[in-house]
Amino acid sequence: MMPKVRTPDEVVILDQLLTERGHGTRLHVIIETNEGLEAAYEIAHCSPRIEAIFFGGVDMAAELRCKNDWNN
């Protein structure tokens, strides 16, 4: 799991490190910021290791200073 991914570069760096060490690890990316949401398409396509992308609504709400109320 990669929390709070903001840019594709973060994923690419981890991908390169894993490749250098011979790991076949798959990645689950969590988009939790405005910056990450704006770059979501690029993030999703920056590494073949990405197996899933999740949206972190609680952290996004905090960043946007929104009321996090699931009942309304």
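In this protein, the mean positions of the 7 positive and 12 negative charges lie 5 Å apart. Lys and Arg count as positive and Asp and Glu as negative, with His and the chain ends not counted; each charge is placed at NZ of Lys, CZ of Arg, CG of Asp or CD of Glu. The model is predicted: local features need pLDDT of at least 70 and side-chain atom pairs count only at pLDDT 80 or more, while totals for chains, interfaces and linings use all residues. Residues are numbered from 1 along each chain as its sequence is written, and side-chain values use heavy atoms, leaving out hydrogens and water.

**Fold and dimensions**
- The protein contains four helices and two strands, taken as DSSP runs (helices: H or I, at least four residues; strands: E, at least two) numbered from the N terminus.
- Their order along the sequence is α-β-α-α-β-α.
- The C-alpha trace spans about 45 × 20 × 15 Å along its principal axes.

**Contacts**
- Of the contacts (heavy atoms within 4.5 Å) between residues at least 6 apart in sequence, 69% join residues at least 24 apart.

- The protein exposes about 5000 Å², of which carbon and sulfur atoms supply 55%; accessible areas come from the Shrake-Rupley method with a 1.4 Å probe, and for residues only the protein chains shown count as cover.

**Cysteines**
- The structure holds zero disulfides, a disulfide being a pair of cysteine sulfur atoms within 2.5 Å.
- C46 counts as partly exposed because its relative accessibility is 21%.
- C66 is likewise partly exposed, at 44% relative accessibility.

Terms used: Buried < 20%, exposed > 50% of the residue type's maximum accessible area, 1.4 Å probe, protein only.
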